[in-house]
Amino acid sequence: LQILDSEQFTSAEGFPLSKVRIHLLTGRTHQIRAQLSRIGHPVVGDKLYGSRTPWNEKEEVSLTSCYLKFQIFEEFEFQI
């Protein structure tokens, strides 16, 4: 996990939050969630990895991908 940049702000409810752009170094399951939790900054809404801050009433995790690239038989690339 490589942190590319981050931005700190406060939610409307007064919770301190950070928006973090990262680059994954491996494809391990839950890599982002586990590593951020280990350094004391779990993903918002991620109760499994220690978040005490809810993201929404559906209990979703605040984690979004803006770029994906993978190869099966041919290369696929997606960017938001």
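Strands β1 and β2 form a hairpin with 5 residues between them. In the turn, glycine 14 has a positive phi of about 95°. The model is predicted; local features need pLDDT of at least 70, side-chain atom pairs count only at pLDDT 80 or more, and totals for chains, interfaces and linings use all residues. Residues are numbered from 1 along each chain as its sequence is written, and side-chain values use heavy atoms, with hydrogens and water left out. Helices (H or I, at least four residues) and strands (E, at least two) are DSSP runs, numbered from the N terminus.

The pairing of β1 with β2 is antiparallel and spans 8 bridges; strands pair if DSSP finds at least two bridges between them. Aspartate 5 has arginine 21, in β2, as its bridge partner. These two residues also form a salt bridge, with the closest N and O atoms 3.1 Å apart. A salt bridge is a side-chain nitrogen of Lys or Arg within 4 Å of a carboxyl oxygen of Asp or Glu. Accessibility classes are buried (under 20% relative accessible area), exposed (over 50%) and partly exposed (in between), with a 1.4 Å probe and protein chains only. Arginine 21 is partly exposed at 43%, and aspartate 5 is partly exposed at 38%.

The whole structure holds 3 salt bridges. Arginine 33 pairs with aspartate 46, the closest N and O atoms being 2.6 Å apart. Arginine 33 is buried at 17% relative accessibility, as is aspartate 46 at 1%. Lysine 47 forms a salt bridge with glutamate 59, at 3.5 Å between the closest N and O atoms. Both lysine 47 and glutamate 59 are exposed.

The largest pocket has a volume of about 1500 Å³. On a 1 Å grid over the protein atoms alone, a pocket is an open set of points where a 1.4 Å probe fits, with protein on both sides within 12 Å along at least five of seven lines; lining residues have an atom within 4 Å of a point. Volume is the space filled by probe spheres set on the points, which are joined across faces, edges and corners. The lining comprises 38 residues; Ser18, Lys19, Val20, Leu36 and Leu63 lie nearest the pocket centre. Strand β2 gives the most to this lining, with 8 residues.
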